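Me: I would like to go through a structure together before setting up any calculations. Could you take my questions one at a time?

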Amino acid sequence: MRIGILKGNGIGPEITAATQQVLTATGRLFEWVDIPIAGEAIALHGHPLPQETVEALKAVRVALKGPLIVDKLQGRLTCVHRDGTEHTYPSLNNAIRRELALFVNPRPILGMGALSGRHASLDMVIMREITEDVYIGWEHQIGDIAAEAIKLTTRVAAERVARFSFEFARKNGRKLVTCVHKANVLNYTDGLFLRCCRDVAKEFPDIAFDDCMIDAACYHVVKNPTRFDVVCTSNQYGDIFSDLGAGLIGSLGLAPGANIGPDAAVFEASHGAAPDIAGQGIANPIALILSGALLLRHVGLAADALRIERAVRAIVLAGHVLTPDLGGNATTQHVTNAICAELKSSS
Ligand code: NAD
């Protein structure tokens, strides 16, 4: 089986290597296809996301991606397609998602025993729409006195993520889908998102549905960890709400993710490139390792995915081999080796 590897920046190379080691420890044979991105792609093709990279990702169909450093004020980039058309995106991550037509970013948030404190029972999956909202990148400056951005919601995209959320709930024995929005203020954009979720909910009478405003959702998830099950939300709220969830369970280093489309899927941790700890060998590899498990499940290797998830859980709950973000003093390599050993002993 071929898996694309986008090493990324910062801690990216360290945690992608760790994840490759764990996936290999399942005993499955994988062919790793290194695909250049960012600096590597600029060196080879003169662009951070050249069409060669987009085509390579479409060819492998599944890839594991390390995080990318995005300039805070000048992250915009333009991709020129083979037919000469130009497509401008607000950031490299956004460009990858949209060039590959990836439309949903599932981010599971699962409590990890004592490490997650009173959020040990937190078990929710955030389904974040990733093709539109304010992250569409349609913004401009008005001289130096103002700037404005457009927030886009379409029926097609809202219904697609809603349907994905309900289908996921049905397949995975989950009981409740909650639309998270701010339709009391954004009557038209978030209003349409909410109405689309309500429409799709009618097709799934076996799954309960409700909705919650984003500000109240932040409050409820802190106060009552079992309030949410599957959360269906738009791009920006999902981005922020999932980091809150990661903080509640103990670390961004525990929160995996995926970007799924009809023809390709890219699996990456919820966190960023963590430049503050890059190169020190102390990054927590677990979020990306769990993203690797999501990849295996996506390609039909559910038993291997479950073995990895169980091995990770066993190591985290034992609490002897933890990286500094979880209060330990183990290195990325120690944690990776411990997970591989656990995986092999359980097979
Ligand atoms: P971040 O998620 O990289 O880091 C936030 C904090 O969490 C830091 O203190 C970091 O050390 C810690 N952290 C994150 N992942 C960790 C891990 N695996 N192990 C241990 N600690 C971890 O967010 P940031 O600092 O705001 O962003 C850094 C860069 O990453 C920026 O350029 C940002 O644009 C980029 N970013 C990329 C992605 C992506 O590629 N998908 C996502 C978010 C941010």
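This is a predicted model: local features need pLDDT of at least 70, side-chain atom pairs count only at pLDDT 80 or more; totals for chains, interfaces and linings use all residues.

Me: Where in the chain is confidence lowest, and where is it highest?
Reply: The lowest confidence is in strand β8 (residues 139-142), with a mean of 95. The highest is in strand β12, with a mean of 99.

Me: Turning to the ligand, how many residues surround it, and which are the closest?
Reply: The ligand is surrounded by 20 residues. The closest are Leu68, Gly272, Ala274, Asp276 and Asn284.

Me: What lies 2.9 Å from an oxygen atom of the ligand?
Reply: A polar backbone atom of Val70 is at 2.9 Å from a ligand oxygen. A polar side-chain atom of Asn93 is also found 2.9 Å from an oxygen atom of the ligand.

Me: And what about Ala274?
Reply: Ala274 places a backbone N or O atom 2.8 Å from an oxygen atom of the ligand. Taken alone, the ligand exposes 810 Å², of which the protein buries 69%.

Me: You mentioned Asn93. Which residues of helix α4 are buried?
Reply: Helix α4 spans residues 92-99, and seven of its eight residues are buried. They are Leu92, Asn93, Asn94, Ala95, Ile96, Arg97 and Glu99.

Me: What happens just after α4?
Reply: Ala101, just after the helix, takes a positive phi of about 60°.

Me: Back to β12: is each of its faces covered or open?
Reply: Both faces of β12 (residues 230-233) are covered. Val230 and Cys232 lie on one side, Val231 and Thr233 lie on the other, and all are buried. In a regular strand the side chains alternate between the two faces of the sheet.

Me: Which strands pair with β12?
Reply: Strand β7 (residues 123-129) runs parallel to β12 and is joined to it by four bridges. Strand β10 (residues 176-181) also pairs with β12 in the parallel sense, over four bridges.

Me: And what stands opposite Cys232?
Reply: Met127 has Cys232 of β12 as its bridge partner. Cys179 stands opposite Cys232 as well.

Me: Next, helix α3. Is Thr53 buried or exposed?
Reply: Thr53 is in helix α3 (residues 51-60). It counts as buried because its relative accessible area is 0%, where the cut-off is under 20%. Not counting residues up to four places away in sequence, Thr53 touches Ile35, Pro36, Ile37 and Ala41.

Me: What does Leu57 contact?
Reply: Leu57 also lies in helix α3, and it is buried, with a relative accessible area of 4%. Leaving aside neighbours within four places in sequence, Leu57 is in contact with Leu6, Ile35, Ala63 and Leu100. Leu57 and Ile3 are 54 residues apart in sequence, and their C-alpha atoms are 9.2 Å apart in space.

Me: Why does Ala59 count as exposed?
Reply: Ala59 is in helix α3 too. It counts as exposed because its relative accessibility is 54%, and the cut-off is over 50%.

Me: How far is Ala59 from Asp263?
Reply: The two residues are 204 places apart along the chain. The C-alpha atoms of Ala59 and Asp263 are separated by 9.4 Å.

How values were computed. Residues are numbered from 1 along each chain as its sequence is written. Side-chain values use heavy atoms; hydrogens and water are left out. Helices (H or I, at least four residues) and strands (E, at least two) are DSSP runs, numbered from the N terminus. Buried means under 20% relative accessible area, exposed over 50%, partly exposed in between (1.4 Å probe, protein chains only). Contact means heavy atoms within 4.5 Å. Two strands pair if DSSP finds at least two bridges between them. pLDDT is the predictor's confidence in each residue, from 0 to 100. A residue is near a molecule or strand if one of its heavy atoms lies within 4 Å of it. A polar contact is a pair of N or O atoms within 3.5 Å; within protein, one must be able to donate a hydrogen and the other to accept it, and residues adjacent in sequence count only if both atoms are side-chain atoms. Accessible areas come from the Shrake-Rupley method with a 1.4 Å probe; for residues, only the protein chains shown count as cover.
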